[in-house]
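Cover the pockets and cavities, the charged pairs and the confidence.

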Amino acid sequence: MRWGTRLEQRIDGAAHRLLTDAPTGGVRAWLTEAAVFVLKQAWACVFGAALLVAIVAARLWYPDDAPLARNDLLTITAVLIQAAMLVFRLESGRELWVIVLFHLAGTGMEVFKTDVGSWAYAADGVLRIGGVPLFSGFMYAAVGSYMVRVHRLFDLGFTRYPRRWLTTVLAVAIYVNFFTHHWWWDLRWVLLAGIVALWLPTVMNARVWRRTIRLPLLAVFAGVAVFIYLAENIGTWAGAWVYPDQVAAWQPVSPSKLSSWFLLMIISVVMVTWVFPPRRPSPADARRADASASALSESPQAPAAGAAPAPPEPPRRRRRRRAGAGLPS
């Protein structure tokens, strides 16, 4: 881990000491890599996970007639979570700037979207801007926090990453389209085509433990968008906000929102690249990735179930030669 906070560096050192004797091959080695991958992902999601737990807990156990409105409680909780991230050195001050910027961009879009009726929040509480409770901006900040943290936890490296000025122009166009499509053409499919054109050649190298994995960056973007969409379903079920078709009774969020989250995530990705400029994979990362790929391709193939084992090869017959002759006998 190159850019971890001091606390994360200590955790990383303890993990290295714990895994020093871990096997380097076989099933146990792959299970170790999988466990480290899941734990790193969970650690990267700590901000969003804590906020989601608070939203669900407020839905299940917070009384409706409490003196403090539920939305205000969630706003105060979100501020405390963000403060804890800084106090316990889970985020650096430089990373906080990206998160705050994404928080502000998300809040601005929320104010507009609720005004045009795209979705709505409960009307209780005083910590709000118009119809938008202030905790909503922290949900966008959680996406930015994940992007920043996963970047350094996996020592991400990229091959054929597009120029940052091009990605910035596209991110600005995406953000503007979230507003303008209400009275002008919706350019999301044009913007999606632009994303594919820019990032299709890009490959991401992510160091897990001993192995480095290579993944097409577009596939990674799509996977993150799916997980955000699943979290959005939990948030709407918990009543944090509702879409027009969920007012009468809750139902799953329309899959069409996947494209919206995909586009919004690109904005977060571009913001993070201005804090952590995309770097090429180090030679050590490239070697680990090659070793991981060759380990997969060279793994022995198990015989099909029920197939008889292949018979041993018969011993070769030794040939005798006639004395003084070069012909076989």
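The second largest pocket holds about 380 Å³ of space. On a 1 Å grid over the protein atoms alone, a pocket is an open set of points with protein on both sides within 12 Å along at least five of seven lines, and a cavity is a set where a 1.4 Å probe fits but cannot get out. Lining residues have an atom within 4 Å of a point. Grid points are joined across faces, edges and corners, and a volume is the space filled by probe spheres set on the points.

This is a predicted model: local features need pLDDT of at least 70, side-chain atom pairs need pLDDT 80 or more, and totals for chains, interfaces and linings use all residues. Numbering runs from 1 along each chain as its sequence is written, and side-chain values use heavy atoms, with hydrogens and water left out.

Eighteen residues line the second largest pocket, and Ile 11, Ala 15, Val 36, Leu 39 and Lys 40 lie nearest its centre. Helix H1 (6–18) and helix H2 (27–44) each give at least two residues to this lining. Helices (H or I, at least four residues) and strands (E, at least two) are DSSP runs, numbered from the N terminus. The lining of this pocket has twelve nonpolar, two polar and four charged residues. Here Ala, Val, Leu, Ile, Met, Phe, Trp, Tyr, Cys and Pro count as nonpolar, Asp, Glu, Lys and Arg as charged, and the others, Gly among them, as polar.

There is one cavity of 30 Å³ or more. The largest cavity has a volume of about 40 Å³. Its lining consists of Ile 174, Asn 177, Phe 178, His 181, Asp 186, Arg 188, Leu 191 and Leu 263. H7 and helix H8 (188–199) each supply at least two of the lining residues. H7 has the largest share, three residues. By class, four are nonpolar, two polar and two charged.

Two residues of this lining, Asp 186 and Arg 188, also form a salt bridge with each other. The term means a side-chain nitrogen of Lys or Arg within 4 Å of a carboxyl oxygen of Asp or Glu. The model has five salt bridges. Three of them are listed here.

| Asp 64 | Arg 70 | 2.8 Å |

The Asp 155 and Arg 207 pair links distant parts of the chain, 52 residues apart. Asp 155 sits in the loop between helix H6 (135–153) and strand E3 (157–159), and Arg 207 in strand E4 (residues 203–207).

How accessible are these side chains? Buried means under 20% relative accessible area, exposed over 50%, and partly exposed in between (1.4 Å probe, protein chains only). Asp 155 is buried because its relative accessibility is 2%. Arg 207, at 11%, is buried. Asp 186 is partly exposed at 35%, whereas Arg 188 is buried at 13%.

Thr 167 belongs to helix H7 (residues 164–180). Its relative accessibility is 0%, so Thr 167 counts as buried. Beyond its neighbours within four places in sequence, Thr 167 contacts (heavy atoms within 4.5 Å) Tyr 161, Pro 162, Leu 198, Trp 199 and Val 270.

Last, confidence. pLDDT is the predictor's confidence in each residue, from 0 to 100. The protein has a mean pLDDT of 85, and 85% of its residues reach 70 or more. Over residues 296–329 pLDDT stays under 50, and the model has six contacts beyond four places in sequence for them. Where pLDDT is low, predicted coordinates should not be read in detail.
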